[in-house]
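Subject: Structure handover

Hello,

Here is the structure I promised to pass on. Please open it first, then read my notes below.

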Amino acid sequence: MKNVLCAVAGAASLLISAPSIAQTTLTVATVNNSDMIRMQGLTSEFTAKNPDITVKWVTLEENVLRQRVTTDIATKGGQFDVLTIGTYEVPIWAKKSWLVPLDKLGADYDVNDLLPKIKDAVSVDGKLYAAPFYGESSMVMYRTDLFDKAGLKMPESPTWDFVVDAAKKLTDKSGGVYGICLRGKAGWGENMAFLTAMSNSFGARWFDEKWEPQFNSPEWKKTLTTYVDLMKQAGPPGASSNGFNENLALFSAGKCAMWIDATVAASMVTNPKDSKVADKVGFALAPNTGLGKNANWLWAWSLAIPAGSKKVDAAEKFIAWATSKDYTKLVASKEGWSNVPPGTRTSLYKNPDYLKVAPFAKLTLASIDAADPNKPTVKPVPYVGVQYAAIPEFQGIGTQVGQQFSAALSGSTTVDAALSAAQSATEREMKRAGYIK
Amino acid sequence: MARMVTTRRKAISTAAAWLVGFLIFFPILWMVLASFKTELEAFAIPPSFLFFHWTTENYVTVQERSDYFHHALNSIIIAGGSTLIAMLIAIPAAWSMAFSPTKRTKDILLWMLSTKMMPPVGVLVPIYLIYRNFGLLDTRTGLIFILCLGNLPIVIWMLFTYFKEIPKDILEAARMDGATIGRELIYVLTPMAVPGLASTLLLNLILAWNEAFWTLNLSTLEAAPLTVFIASYSSPEGLFWAKLSAASTLAIAPILVLGWFSQRQLVRGLTFGAVK
């Protein structure tokens, strides 16, 4: 009797424990944007092919996610198995050995199909530390009807002089149309993303080769003066609190003749469901001053695995699926080619089906190609990153400087005072962090 | 004549009170309205107030994408649990400090308040490490514990001020009549302290319900309350305003209903002792 009981108990425990050994649950931390939400909706396609893996999603607002994930990875909390991180985090975290190099993505993954600039941005020393899910640069979106009416013709690669002139000519404040809409809301990822990219085109840089801040340079003065004057004369009221969403709303409602922002906005402003000007939008490269750099940035939301994760194999399988060519085809078959995640693979920009529905594809690719995170500025710099310097201190410094520049835009301080405050704040932080003495 | 002026004054002050009330309530009303708009209408310029195409699609999308009831249940358990434990600790503490003060009582009260002066982010990493080591990350127990600790100083202070208002002579009279400590507590102290206790309980519940720093940082999936639910709909790149409004409306609904039904106690408690 005792033996029978033991046998039954043993069999029962095997039955109970068998599925729990085989099943791996992945917790994926991600940001809230349409492409990620779409991926969340398609998870069942992945789990159907991998019945031993369950995927759970933690979706958070970008800044909340960044803080949450940074705390967890720095303390090795082990709460997440797959992280969504940007090109800013990848080089910093890879150097701290916080990320697992992705070298087992499978034979059919085709790493060489990734756009070279995007691949560079998520690699350190030639090793891929994150797989790009979607990539973006920035470009000019403009109203073709207003340009035609004013007899203006937008060049494919306009200069700042042209953009400033056109913005002034197209401004009709009584009719509620403003020549240009640009970011003004303070934040390292808000106005500073735009202004840093803009400063690159004016020949400015954040730091010289010895990490000395450069806000006292004539190039920065020219950048900020051009920006503030342009926005005062041709920008919408209250621009110092406008970010991506506010400008998207303004442009979609027909209030802006030009808008320079992320290339992902192109699919939103040309979508008749969300935009009143869907059929009147043209695209051009972000402006330059003839120095060889355009005012465009480079960013990719990418999937990475935190070091110390006990589910590396399953996580890598998931990442390979989500960033593969097959995933792009899957989205296209379910939701159409216009909804596939853009900006990561060369093959997408050769696909006639995609090019047919995405009039902005050519310019998106040209913008991504025009940004170089390893050589972002006219003069040499010690950092990587186009619209940021990839050092841990940049988030704090960038936001402080952003507040000064936002104040200059709203008129509560002058351009000179803002630049000098930015210079001293950056010097102080860089001394404290030990970059300079 | 005098009567007419009074009526007019009454009418003016009533209208003014309604206007102020409406202004304060307007952001919440706007959020509720936005939750019934399409994304395009939610950011339309000029905004439409009532005449738009009403839709419940945002609520459907929100429920499809995330499990509201899972988050709401977590919020109820975490806010309710932390409030109850805080009250259990705070009532005896405040009672002893109010009725048998020593010369250090004031220092202790100030010290407790001083713990609220430190920004929570300053202790995020140590707390995160402790929670990791004790396996408390993403658990309701962990969140109840941290919210209880965070709110204790305020609860003790509030209760202390309410208890201070109760005249000691009444307790002495009860003792003269032979009441034991237990009877004194139940029959004399409790009835007089109920408005204070109720308003402290409600305020603590609201504070715990709205707490966003610790709940966002220490929870992932299993213990994630409604604050995480809202944070998943905010986005700096892409329009999610209507969905965010729907998520926020769902998140505040339970506490709004509770506040509506208990507003009498809340107001009475907050103005308790003001006439003295």
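Trp211(A) sits in the loop between helix H9 (191–201) and helix H10 (218–234) of chain A. Helices (H or I, at least four residues) and strands (E, at least two) are DSSP runs, numbered from the N terminus. Before going on, note that this is a predicted model: local features need pLDDT of at least 70, side-chain atom pairs count only at pLDDT 80 or more, and totals for chains, interfaces and linings use all residues. Residues are numbered from 1 along each chain as its sequence is written, while chains are lettered from A and ligands numbered from 1 in the order in which they are written.

What is the phi of Trp211(A)? Its value is near 65 degrees, which is positive, and the residue is not a glycine. Most residues other than glycine have a negative phi. Trp211(A) counts as partly exposed, because it has 19 C-beta neighbours inside 10 Å. The cut-offs are these: a residue is buried if 20 or more other C-beta atoms lie within 10 Å of its own, exposed if 12 or fewer, and partly exposed in between, with C-beta atoms placed from the backbone.

Asp125(A) also has a positive phi, of about 50 degrees, and is not a glycine. Look for Asp125(A) in the loop between strand E4 (123–124) and strand E5 (127–128) of chain A. Is Asp125(A) buried or exposed? Asp125(A) is exposed, because it has 9 other C-beta atoms within 10 Å.

**The two domains of chain A**

Chain A is assigned domain 1 (2–136 + 299–357) and domain 2 (137–297 + 362–432). Such bounds come from an automatic or database domain assignment. The C-alpha centres of the two domains lie 32 Å apart. Their contact takes 16 residues from domain 1 of chain A and 19 residues from domain 2 of chain A. Two residues are in contact if their C-beta atoms, placed from the backbone, lie within 7 Å.

On the domain 1 side, helix H5 (89–95), helix H6 (116–121) and strand E6 (131–143) of chain A each supply at least two residues. H6(A) gives the most to that side, with four residues. By class, the side has nine nonpolar, four polar and three charged residues. Here Ala, Val, Leu, Ile, Met, Phe, Trp, Tyr, Cys and Pro count as nonpolar, Asp, Glu, Lys and Arg as charged, and the others, Gly among them, as polar.

**A buried helix and a buried strand residue**

Helix H16 (residues 361–370) of chain A is largely enclosed by the rest of the structure, because eight of its 10 residues are buried. Among them are Leu363(A), Leu365(A) and Ile368(A). The buried residues of H16(A) pack against several elements of chain A, including H6, E6 and helix H12 (265–269).

Met141(A) lies in strand E6 of chain A. Met141(A) is buried, because it has 28 C-beta neighbours inside 10 Å. Beyond its neighbours within four places in sequence, Met141(A) is in contact with residues including Phe251(A), Trp259(A) and Phe283(A). Met141(A) and Phe360(A) are 219 residues apart in sequence, yet 9.4 Å apart in space, C-alpha to C-alpha.

**The largest nonpolar core**

A nonpolar core is a set of buried Ala, Val, Leu, Ile, Met, Phe, Trp, Tyr and Cys residues joined through C-beta atoms within 7 Å. The largest one has 186 residues, and Val82(A), Met141(A), Met258(A), Phe318(A) and Leu159(B) touch the most other members. Helix H7 (residues 140–165) of chain B gives the most to this core, with 14 residues. Domain 1 and domain 2 of chain A both give residues to the core, so it lies between them.

Phe318(A) is in contact with Leu26(A), Phe46(A), Ile53(A), Val55(A) and Val82(A), leaving aside neighbours within four places in sequence.

**Where the chains meet**

How many residues does each chain give to the contact? Chain A gives 27 residues and chain B gives 27 residues. On the chain A side, helix H2 (34–41), strand E2 (53–60), helix H4 (62–74) and helix H11 (244–252) each supply at least two. That side has 10 nonpolar, 11 polar and six charged residues.

Best wishes
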